Number of protein chains: 2
Amino acid sequence: LRVAVVGLGWIGGSIALAAREHAGASVTGWDADVAAIDTAVEHGMIDRRSASLEETVADAEVVFIAAPVGSLPELVAQVLRCAPDDCAVTDVGSTKRTVVDAHSDPRFVGGHPLAGSEAIGAVNARADMFDGATWYLTPAGTTSASALGRVRELVVALRANPVELDADVHDELMAVVSQLPHVFANVLVAQATDARFAGHLEAGPSFRDATRVAGANTAVWTDIYMSNRDALGTALDEAITRLTHVREALTAGDASVLAQWNDGAAVARRHLLEGRE
Amino acid sequence: LRVAVVGLGWIGGSIALAAREHAGASVTGWDADVAAIDTAVEHGMIDRRSASLEETVADAEVVFIAAPVGSLPELVAQVLRCAPDDCAVTDVGSTKRTVVDAHSDPRFVGGHPLAGSEAIGAVNARADMFDGATWYLTPAGTTSASALGRVRELVVALRANPVELDADVHDELMAVVSQLPHVFANVLVAQATDARFAGHLEAGPSFRDATRVAGANTAVWTDIYMSNRDALGTALDEAITRLTHVREALTAGDASVLAQWNDGAAVARRHLLEGRE
């Protein structure tokens with residue numbers, strides 16, 4: 001099996017390592033940053049150095065594109081221009097509609113492994129990064145069954161669990177379970193930074209848990225917010241509506257509405273998270 | 001030193017134990033529930049059984065009232081009616097304006113130990129519950145210096161750190177660092193419970209951290225929300241305004257506003273939590 005990895009950071013490096021170790025693949029790799037290619041060679045992530053992006057993907061059966069979400073639409077287009085006809089091309093961006101919309105190529109299927117979104121550097125790449133992880137695949141109507149099948153097989157070989165999902169639903173889901181918690185965390189720390197509280201703030205565990213991701217890597221997260229701005233905007237509208245309802249119950253002094261709302265949250269939490277912690 | 005504890009649950013029981021063990025106090029106790037008094041006697045929390053609330057506080061130098069916030073204003077009034085003239089009376093409610101407003105008695109000073117808010121039962125009471133914990137004290141203009149001094153000394157003897165704070169600022173602070181994270185957690189789980197996401201939701205660490213307190217004990221938390229509804233209402237208004245600004249930046253597609261906002265959150269988080277984790 002011949003695999004090409006475009007973008008040799010933490011995620012791309014881990015895919016390369018896992019493809020070599022777990023799928024017995026021969027792996028080529030490319031990165032706009034020459035130092036990243038050096039690191040990949042040094043750490044045995046790729047079999048050999050290529051002279052160009054074109055050469056990297058020329059022989060590939062599967063191409064993984066692991067770049068920041070903002071640069072994905074253009075990079076995917078570039079890869080599709082030079083990849084073989086019978087190749088499967090996928091990406092690992094954490095939002096999918098933008099990149100899926102940009103391409104109606106039968107070789108392309110959107111992907112998103114749940115393996116962290118922080119840029120922590122290629123040197124921390126690991127072959128076991130995806131062991132047991134959910135790996136969303138968001139095929140479009142134009143995606144060929146063979147491309148989807150080939151990517152799915154390789155994802156399984158990388159020891160992840162492929163989960164097929166509509167690109168819109170994927171993005172709406174990520175807006176709620178990933179981006180909204182980041183937005184809420186940012187709001188909480190900003191709101192606690194008030195002169196009145198200076199010297200008195202003693203943050204308990206609920207505040208610490210809720211703000212752990214506040215101010216996460218700005219370059220990465222601005223990119224994510226922007227690339228998913230439709231779904232995140234809708235999720236924010238919905239959150240604002242929910243908060244307004246709580247506000248109204250407080251104004252009305254209606255304890256029974258608050259109790260019912262809190263009971264509903266307890267049921268929802270059990271339903272969502274039970275057995276997953 | 002003669003200490004009386006009114007309300008022998010988890011917090012009250014721990015105060016009684018700590019007062020006996022760390023302050024060498026003789027402790028009387030009372031609870032509306034006779035079984036709670038039995039437990040307190042059995043676990044050596046109190047020195048002797050009293051026949052009534054009146055008898056419990058008759059000789060006390062300091063009275064701690066450890067009851068749900070909703071019942072505090074009335075219970076504090078009841079204790080003040082029968083406590084000695086030179087006694088100090090304090091409570092442990094997690095919101096302070098309501099109870100402080102209800103009493104302009106020189107013997108009374110509001111208090112709030114940060115030791116968890118869940119009703120986990122008197123049998124889990126521990127003498128070391130308050131070791132190193134912040135214990136807010138919110139004296140009013142009417143509070144006598146001797147009452148404040150006596151409560152403060154005992155709080156130190158219980159091994160907690162007394163922090164004096166205006167009752168309004170205390171409630172505004174708790175709205176932001178404790179109640180708002182609970183409200184956000186409830187909103188997140190409700191929003192993730194959408195038929196579109198059924199079977200696809202794979203909650204990552206940011207979602208799990210942000211929703212750990214969702215649907216916390218409804219009786220306790222409805223009481224807390226209601227007793228702090230002015231400050232929480234204001235905090236919610238401010239949160240909604242902040243979320244609306246993020247929404248507007250998304251609509252405008254303004255990456256620089258989002259980047260600046262996220263950088264601000266990173267600074268705020270470091271400022272608030274550094275050295276506290």
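Me: How much area is buried between chain B and chain A, and what share do carbon and sulfur atoms give?
Reply: This is a predicted model. The area buried between chain B and chain A comes to about 7,600 Å². Carbon and sulfur atoms give 68% of that area. B:Gln191, B:Leu243 and B:Leu250 supply 9% of what chain B buries against chain A, more than any other three residues.

Me: How many residues does the contact take from each chain?
Reply: Chain B gives 79 residues and chain A gives 79 residues.

Me: What makes the meeting of B:Asp237 and A:Arg247 a salt bridge?
Reply: The two side chains come to 2.8 Å, N to O. The cut-off is 4 Å between a side-chain nitrogen of Lys or Arg and a carboxyl oxygen of Asp or Glu, so a pair within it counts. The rule finds six salt bridges across the interface of chain B and chain A. In polar contact between chain B and chain A there are 28 residue pairs.

Me: Which element gives the most to the side of chain B that touches chain A?
Reply: That is α7(B), with 18 residues. By class, this side of chain B has 44 nonpolar, 18 polar and 17 charged residues.

Me: How many aromatic pairs does a search of the whole structure find?
Reply: Nine, over all chains.

Me: Why is the pair of B:Phe64 and B:Trp135 called edge-to-face?
Reply: Start with the distance. The ring centres are 5.9 Å apart, and the limit for a pair is 6.5 Å. Then take the angle. The planes stand at 65°, and over 60 degrees counts as edge-to-face. So the pair of B:Phe64 and B:Trp135 is edge-to-face.

Me: What makes this pair a tie between parts of chain B?
Reply: B:Phe64 lies in strand β4 (residues 62-65) and B:Trp135 in strand β7 (residues 134-138), so the pair ties together parts that are 71 residues apart in sequence.

Me: How do you know whether B:Phe64 and B:Trp135 are buried or exposed?
Reply: Buried means under 20% relative accessible area. B:Phe64 has 0%, so B:Phe64 is buried. B:Trp135 also has 0%, so B:Trp135 is buried.

Me: Why is the pair of B:Phe130 and B:Trp135 called tilted?
Reply: The centres are 5.0 Å apart, with 55° between the planes. B:Phe130 is buried, with a relative accessible area of 0%.

Me: Which residues form one aromatic cluster in chain A?
Reply: A:Phe64, A:Phe130 and A:Trp135.

Terms used: Residues are numbered from 1 along each chain as its sequence is written. Chains are lettered from A and ligands numbered from 1 in the order in which they are written. This is a predicted model: local features need pLDDT of at least 70, side-chain atom pairs count only at pLDDT 80 or more; totals for chains, interfaces and linings use all residues. Side-chain values use heavy atoms; hydrogens and water are left out. Rings of Phe, Tyr and Trp (its six-membered ring) pair if their centres lie within 6.5 Å; planes under 30 degrees apart count as stacked, over 60 as edge-to-face and the rest as tilted. Helices (H or I, at least four residues) and strands (E, at least two) are DSSP runs, numbered from the N terminus. Buried means under 20% relative accessible area, exposed over 50%, partly exposed in between (1.4 Å probe, protein chains only). Contact means heavy atoms within 4.5 Å. Buried area is the accessible area (1.4 Å probe) that two parts lose on being put together, summed over both. A polar contact is a pair of N or O atoms within 3.5 Å; within protein, one must be able to donate a hydrogen and the other to accept it, and residues adjacent in sequence count only if both atoms are side-chain atoms. Ala, Val, Leu, Ile, Met, Phe, Trp, Tyr, Cys and Pro count as nonpolar, Asp, Glu, Lys and Arg as charged, and the others, Gly among them, as polar.
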